[in-house]
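The entries follow the order in which I took up each topic.

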Amino acid sequence: MRANTLDARAAAKGAAAGRRPSDWRLYAMLAAPAIIVFIFSYIPIGGVLIAFQNYSPDKGVLGSEFVGLKWFRVFFAMPDSARIVANTVAIAVGKIACSQLASVVFALLLNEVRGAAYKRSLQTITYFPHFLSWVIIGTVFIDMLSTRGLVNQILGAFGTAPKFFLGDPRLFQPTAVLLETWKEFGWGAIMYLAAISNISPDLYEAATIDGAGRLKQALHVTLPGIRGIALMLAVLALGGILNAGFEQILVLYNPSVYETGDIVDTFIYRYGLLDAQFSMSAAIGLFKSLIGLALMLAANWAAARFSDYRVL
Amino acid sequence: MKKTLAIALCFLLALAAASCGGQPVAPSGATSAAPGTSATAASQGSEPSAANVATANGEPTETSEKYFKYYDDPIDLTTHMAFSSTWTWHSADDNENSNGLTRWIKDHTNINFSCSWNAPDDATNTQKLDLAFASNTLPDVIQASSSQIAKYAAAGKLADMGALIEAYGSPLLKYAIQEAQDLTQGTFYLPYSYGGTAYALPIMCDTLVYWWLPYVRGDLLDELGMAVPSTLDEMEAAFAAYKEKHPDGVALGMDNELIGLRTVMAGYEAYPGSWVEKGGQAVYGSIQPEVRQGLERLADWYRKGYLDPEFVTKDMMQLLADAGEGKVFSLYTAWNVIGGNFQDMWANVEGSRLEVMPFPAGPDGKSGIATKVAFSPARAVSAACEHPEALVYLLNQYWDSFYRNNLELRQTMKDKYGYEFHYPVTEVREEINKAEREADPALPSFYDYPEELTGFGYFNDYVSHYSWLYGLTGVVISVANDDFGQVARGAKGEMPAEDMTVSARSTFEGWGSTPQGGQMLATFAEIYDYWEPLMGDSQIFHVDAFTGPTTPAMLERQSYLDKLEAETFTRIIMGTQPIEAFDSFVGEWLANGGEDITREVNEWISSASPL
């Protein structure tokens, strides 16, 4: 990250001086992703117009009748919209916090493991679930979390009464958060491990000479070393505060937990895909993006203000 | 929504059962031809693949031949379809754009019939169609649900199907439609009409698609020394006895879409999800006080452990899989599961036997069920299609060939409508790969008809195998019905197979030759005997009062109201909400769009007139 920034600065300086013959190569390399982003992320922005229309595919984006903020009003007039937004934020915040924390802790622990083969296999095993679809994992967990499933059998051994994790509104959110954390913490730890490996060995040597043990080294060298990455990931994650994990929720939820489990994306799914309400879906999607953007900018500002670290 | 899914599921199951049963449901009452006709047919079967098809087939009258068109310049007609990875073509070189059927169409009508896409399943197909609509690239011929048709028609994307059929349809096609109108009290086109115009021709299928009913395990009843329950109280007694002996079993099957609650609701004459007449007005069934009683009963049964405590995590497929393992005592499902999961049950669970459990009578001794008109999906023609009449010509061809062996129909059409069949009566031959097909029912049938003897998909199994895909199937409901009547009589030993129509016999023998054929036929006979009279019983059997397209308020609110209903009903049954939650549900339903929807539904009913 820092290295990139330095490169960029150097490049900028070179450009200003007007004599860095290799610059065009850098720009050429940048062109492909820029074109892709332009085509797939910028051009479709025009489509948000339909959020303010009674969109009819027949008349097209330019011909449809404008209705102002009607769809936003319809959404917020729904008796369950506040609950849906609250569920989304609760689940998303829980997931961001838990999986980041688990990733950092796991990376720190893994960093202390000495056997290279052991370390690598641990890492592979833990990030493997990331590649599995929720449709598959969900089926397994629906079975494991049933009242007669494995989890309840283990809890039963400690004398706990069986719990219906996916059918009890109070338990649904924690269950969803924990499952997501289980699935993603290994993957998330990769970033931190990379950051840890970038920390200069000199710092550890100096700390050892100063008499720091492994714990002190982890706390005073490793943790500050990955602070930048952690902040960046947190700031970026806030942009997705209204993304509570559509696929997972769709697979796991059911009518008995709508109260705590229905999120913005499942709402959009039901309206947009099942009922083909393009304008309504676009309006809610736009709302989601705006909230995400605002939160990300705020977090970036706070990070710069309080820890002198700027992501954007 | 729930109902649509149920019907879609039923349709899928019908296909599954069809492929299991040796012979699909599609072929109708083709009367066996007199011996010797095959020779005649074969000798005159030198049909040229040119415009003058008319004269090649004997002596059809001038007037009938105008319904069969050969385009002088080839035209293109696009459509779309869904078939799974297990689909098999007749030859390895065939695909959705080139196969026996499309080649036949090309030769005889000069139409290039091709697919804009094929989807792996119906849900994907539906989505793709919506996307094609959104991007203004609808295929020429589409198959769509009622709400899709309404949406597309409102956007001006569909041709006037009623007018097309009026102008180009053959008397045979019109006769079949009239028959369907009569059987549905004139509501045949209504789900696909918009502003008084019919935009789609429903795919006609057998009334069997209505046949959802409760079943109970007869062998377990014997074990308990009990008779088949006929009231809610008797059901409860049987459940209690069953749970005592089988504490881990499920007494009443229930799925996460609550399709299974209909058994209990029938006892209270409650019609959740349907529109019913009440005091001269159509009202929404789910908010009526009868539903409250039904839910109270179900909550009580859930508390007593008669339902699977985790039914919310299981859909109908999983419930049926459980039933296949013998874990379910009674459940409500479609008739054609006898060709699906029940086969597993008969095979795996020693001595298992199914009985039809009549819809139970409630406290006042009555019961009632309501159902939507089940003809779905429907085929429509895009407004952008250059030759909208081509589909009607195809249907004329197809139906003529399809019913060619129905001597009675031939006579009726000739006498009453002056319509001469285009295709001759043809000897129906046995498939030549019967043994292979028994080993692998997914294989298509092969016949040794002479190559030059053709007919729109009549031979080489195109009729049943491909016509589903291309949406050309035309099972005229009443004609098909007696096939199943004969199968039922055969199963009871009242009719020897030799006396049946060819297709009834092939269904009868096909089903009988499956590993669980005896059980399957016996259960089918029971279902048939139960439902056949029930359909005519207007005290018990009601057709949904609203068969119109989605109304504006529904578009805006239905999704929320459906969620509210599913959530409330599920939680009341599971006991996480008290029964009083039903009262607030009713208030909330009315206040949040339900009143508008009710008004629109009633406006539609008063304005709708049979077309």
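Is the crossing of α5(A) and α9(A) left-handed or right-handed? I began with this pair, keeping in mind that I was reading a predicted model, and I noted that the crossing of α5(A) and α9(A) is right-handed.

**Entry: the helix pair in chain A**

I looked up the geometry behind that crossing and found that helix α5, residues 81-112 of chain A, and helix α9, residues 169-197 of chain A, have axes that come within 6 Å and cross at roughly 40°. Because of that angle, I put α5(A) down as oblique to α9(A). I then sorted the residues that form the contact of α5(A) with α9(A), and they divide into 16 nonpolar, 9 polar and 3 charged.

I next turned to one residue of the α5 helix of chain A, Asn111(A). Its relative accessibility is 16%, and since buried means under 20%, I counted Asn111(A) as buried. When I left aside its neighbours within four places in sequence, the contacts of Asn111(A) were Lys119(A), Leu193(A), Ile196(A), Tyr204(A) and Thr222(A). Of these partners, Leu193(A) and Ile196(A) carry numbers that fall in the range 169-197 given for helix α9 of chain A.

**Entry: Met232(A)**

I moved on to helix α12, residues 227-238 of chain A, where Met232(A) has its place. Met232(A) is buried, with a relative accessible area of 12%. I also looked up how Met232(A) stands to Ala299(A): the two are 67 residues apart in sequence, and their C-alpha atoms are 9.6 Å apart in space.

**Entry: chain A as a whole**

I recorded 16 helices and 2 strands for chain A, and I noted that 42% of its 312 residues count as buried. Among the contacts in chain A with a separation of 6 or more, 64% are accounted for by residues 24 or more positions apart.

**Entry: chain B as a whole**

Chain B has 25 helices and 15 strands, and buried residues make up 59% of its 611 residues. Residues 24 or more positions apart account for 73% of the contacts in chain B with a separation of 6 or more. I noted an accessible surface of about 22,900 Å² for chain B, with 52% of it belonging to carbon and sulfur atoms.

**Entry: α6 and α7 of chain B**

How are α6(B) and α7(B) arranged relative to each other? I found that α6(B) packs with helix α7, residues 146-154 of chain B, at an angle of about 5°, the axes being 11 Å apart, and α6(B) and α7(B) are therefore roughly parallel to each other. On the side of α6(B) I listed Thr126(B), Leu129(B), Asp130(B) and Phe133(B) as making the contact, and on the side of α7(B) Gln148(B), Lys151(B) and Tyr152(B). The residues of this contact of α6(B) with α7(B) divide into 3 nonpolar, 2 polar and 2 charged.

**Entry: two asparagines with positive phi**

I checked Asn110(B), whose phi is near 65°, a positive value in a residue other than glycine. Asn110(B) lies in the loop between α5 (100-109) and β2 (111-119) of chain B, and at 6% relative accessibility Asn110(B) counts as buried.

I then checked Asn136(B), a residue other than glycine whose phi is likewise positive, near 60°.

I found Ser367(B) in the loop between β12 (354-356) and β13 (369-371) of chain B, where it counts as buried at 12% relative accessibility. Neighbours within four places in sequence aside, the contacts of Ser367(B) include Ala266(B), Gly267(B), Glu269(B), Phe359(B), Gln539(B) and Ile540(B).

Last, I looked up Tyr398(B), which lies in helix α16, residues 389-402 of chain B, and is buried, with a relative accessible area of 1%. Tyr398(B) and Leu472(B) are 74 residues apart in sequence, and from C-alpha to C-alpha I noted 7.2 Å in space.

Definitions and conventions
Residues numbered from 1 in each chain as written. Chains lettered and ligands numbered in written order. Predicted model: local features only at pLDDT ≥ 70, side-chain atom pairs only at ≥ 80, totals over all residues. Heavy atoms only, no water. Helix = DSSP H or I, 4+ residues; strand = E, 2+ residues; numbered from the N terminus. Buried < 20%, exposed > 50% of the residue type's maximum accessible area, 1.4 Å probe, protein only. Contact = heavy atoms within 4.5 Å. Axes fitted to C-alpha atoms, helices over the stretch in contact; angles between N-to-C directions. Parallel < 35°, antiparallel > 145°, perpendicular 65-115°, else oblique. Left-handed = near helix turned anticlockwise from the far one by under 90°. Nonpolar A, V, L, I, M, F, W, Y, C, P; charged D, E, K, R; others polar. Areas by Shrake-Rupley, 256 points an atom, 1.4 Å probe, with all protein chains shown as cover.
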